Amino acid sequence: MKVGKNFHHLLKCATQIASMVYYKHTQIGYLMLSVTLTVFVFFVWLQIAARAEPPSVDSGTNFAVTAIMALILFVLVSFATLTTSIDKNFIRIKFGFGIFRKKFSLADIISVKVVKNHWYYGWGIRIWFWPYMWIYNISGFDAVEIRMRNGKIYRIGTDAPHEFESAIKRAMCT
């Protein structure tokens, strides 16, 4: 009986150690928050204006328009932050609430380096064709580029590129 309890305790501890986070950082996209607030104020104004019209067949708010407005705001808020974390096996990135997320196996990474993105690479989730790579970014131009064994290149935007790069290198060595 006691052996079973000890085994379960050891198993629980091993699981906690395996999922231990070595690095975690959240970057806030202040420009995206400003755009979201501006769009929200505009949508509120549209709703107020629509309700203020004299009653007729075409007046008032439309459910489809309101739903589309809510969807637009949800997507904008989803790209307001980018959280990067590193555990024993993976680099994980998550935009906002986590609807848009990705993970990269540390075992598959062959190189890591700090880079500067060009202004025309843009922000958000992007695919770039020359050189062929995926870009995940919410603000600024600093990023960490990771190259995978399968030849794919990813750039992860961050406002702390040197800390992120050294955390990846430390995690790859463990």
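Predicted model: local features only at pLDDT ≥ 70, side-chain atom pairs only at ≥ 80, totals over all residues.
Trainee: What is the strand order of the open sheet of five strands?
Mentor: The pairing is mixed. At the edges are β5 (109-116) and β6 (124-129), and each pairs on one side only. Neighbouring strands are turned by 20° against each other on average, direction ignored. The order is β5-β8-β9-β7-β6.

Trainee: Which helix packs on the sheet?
Mentor: The helix spans residues 161-173 and touches β5, β8 (142-148) and β9. Its direction makes about 175° with that of β5. The name is α4.

Trainee: How many aromatic pairs does a search of the whole structure find, and why is the pair of Trp119 and Tyr120 edge-to-face?
Mentor: The search finds 15 aromatic pairs. The ring centres of Trp119 and Tyr120 lie 5.6 Å apart. Planes over 60 degrees apart count as edge-to-face. This pair is edge-to-face because its planes stand at 85°.

Trainee: Is Tyr121 buried or exposed?
Mentor: Tyr120 also pairs edge-to-face with Tyr121, with centres 5.5 Å apart and planes at 90°. Tyr120 is partly exposed at 43%, and Trp119 is exposed at 68%. Buried means under 20% relative accessible area. At 5%, Tyr121 is buried.

Trainee: Which residue lies over the face of Phe90?
Mentor: A charge counts as over a ring only within 6 Å of the ring centre. Here the distance is 4.4 Å, and the residue is Lys103.

How values were computed. Residues numbered from 1 in each chain as written. Heavy atoms only, no water. Phe/Tyr/Trp six-rings, centres within 6.5 Å; stacked < 30°, edge-to-face > 60°. Buried < 20%, exposed > 50% of the residue type's maximum accessible area, 1.4 Å probe, protein only. Lys NZ or Arg CZ within 6 Å of the ring centre and 35° of its normal. Pairing = 2+ DSSP bridges. Helix = DSSP H or I, 4+ residues; strand = E, 2+ residues; numbered from the N terminus. Axes fitted to C-alpha atoms, helices over the stretch in contact; angles between N-to-C directions. Contact = heavy atoms within 4.5 Å.
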